[in-house]
Amino acid sequence: MLNNDTICALATANGMGAIAVIRISGPEAITKVAEIYQSKFNSTKSLTDAASHTINLGYIMDGETIVDEALFSIFKNPHSYTGEDVVEISTHGSIYIQQKVLELLNKIGIRNANPGEYTFRAFWNGKMDLTQAEAVADLIASDSKASHEIAIKQMRGGFSNQIKDLRDQMINFAALMELELDFSEEDVEFADRTQFYALLNQLQNILKRLADSFAFGNVIKNGVPVAIIGAPNAGKSTLLNALLNEERAIVSDIEGTTRDTIEETIYIDGIGFRFIDTAGIREAGDSIERIGIEKTFEKIDNASIIIYLYDSNITEDNQIANQLDDLQRRGKILFNVANKIDVSNTEAVIPAAIKEEFKDVVHLEISAKDQFNIEALKEQLIHQIKLKGTNQDDTIVTNSRHLEALQNTLSQIGKIKQGMDMGLPGDLLAMDIREALTYLGHITGEIDVDQDILGTIFGKFCIGK
């Protein structure tokens, strides 16, 4: 539940900077801050007289002592981020000043905010729904153009609006079925069962598409994991260095140099890719190398994309075919990359028979050492991940809580359709419809959400948000 008191916190990052912003929100935000405010131009002017959405230049006062000259931004309810009275004090970025102002605010009865409490108050006061509140956290954490775009769309209500529309359609039919219960003795049907069944099919298709988008959305949000695998000395570390354009991994002619996985992230066309240089796959020479090879197979299982890299001069066709056949069964985006073509004596490095047999695999010929075709590899990575994604205008699910609610709703819709096929009476169907509506309502917070869940969601925010 919402505490009806006034809170304060540093809204900018911790540490010294040019400025620092301290946010105060609550019913006494303006009146309390007025106690430590003195106008620079009119010492008798009170902050309580200031209009909403104005910036007031003045001094932060500790009794008769000036702590700092600052800007006081006023936002009166309900036209503020939290829906409450809000004051934002922009001070100079001295750590001493920051701490002194927070101490003064505590001294006059304003308590320190909990993590995410400002956004929780915005949710509680109807300024945003739960999916939009979660998108605020995603926006703060976004570290690529793609993850930023997804968070912005969700924060603006793209996902919420779609869910609300679906839920409203179900509510209309649920109301008609509930009405039928009042006229059970007359044996009448207000809800057109054929029309309702068609709606359920439509809902299933939309919800399934949303649920399926999670796999794409999750990798965009957290970075696309790409495992670079192959035999020792295939050039995996050289390829990683070429992709990163720096000497990140040790390159050596000695087999088994890479004994642990090395992970680095780069951004290509706004999408983050987490490249993983793995230990060479072979019979391990010692226990340490064996552990590294075991980790390689773990990374293969967790990757969205696998780059199978091999030395084009010494790897036989049957070895390539066997390896591709094994990797293709894992259901990942698969690249077949022939390396070291700078010293190859043949024109067709990747045999035509291999390309014909493995048509769904991306085939590339590169020289990691000379950085030949590295840009082509990057272009193919972007192309393949976008093929697995959805249309740019489609809603993309990135939150596991939303995925669970969508899956529960789909399960419940399946029960409703099964009940209709069996000719169940309206009162039993109404129970399953209400359950489906509850799951959809949990996504946006229209249905009461368990306080522990809310605590987990908002507890992930920084203090000042």
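Colleague: Is glutamine 371 buried, exposed or partly exposed?

Modeller: In this predicted model, glutamine 371 has a relative accessible area of 41%, so it counts as partly exposed.

Colleague: And where is glutamine 371 found?

Modeller: Glutamine 371 belongs to the loop between β13 (362-365) and α12 (374-388).

Colleague: What is the phi of glutamine 371?

Modeller: Its phi is positive, about 60 degrees, although glutamine 371 is not a glycine.

Colleague: Turning to asparagine 233, what is its phi?

Modeller: Asparagine 233 is not a glycine either, and yet its phi is positive, at about 65 degrees. The residue sits in the loop between β8 (224-229) and α8 (236-244).

Colleague: A change of topic: which residues are joined by a cis peptide bond?

Modeller: Asparagine 77 and proline 78 are joined that way, with omega at about 0 degrees. Proline 78 lies in the loop between β5 (65-75) and β6 (86-92).

Colleague: Lastly, where is leucine 424 placed?

Modeller: Leucine 424 is in the loop that runs between α13 (400-421) and α14 (426-444). Its relative accessible area is 30%, so leucine 424 is partly exposed.

Colleague: Which residues does leucine 424 touch, not counting those up to four places away in sequence?

Modeller: With those set aside, leucine 424 touches Gly419 and Leu429.

Notes:
Residues numbered from 1 in each chain as written. Predicted model: local features only at pLDDT ≥ 70, side-chain atom pairs only at ≥ 80, totals over all residues. Heavy atoms only, no water. Helix = DSSP H or I, 4+ residues; strand = E, 2+ residues; numbered from the N terminus. Buried < 20%, exposed > 50% of the residue type's maximum accessible area, 1.4 Å probe, protein only. Contact = heavy atoms within 4.5 Å.
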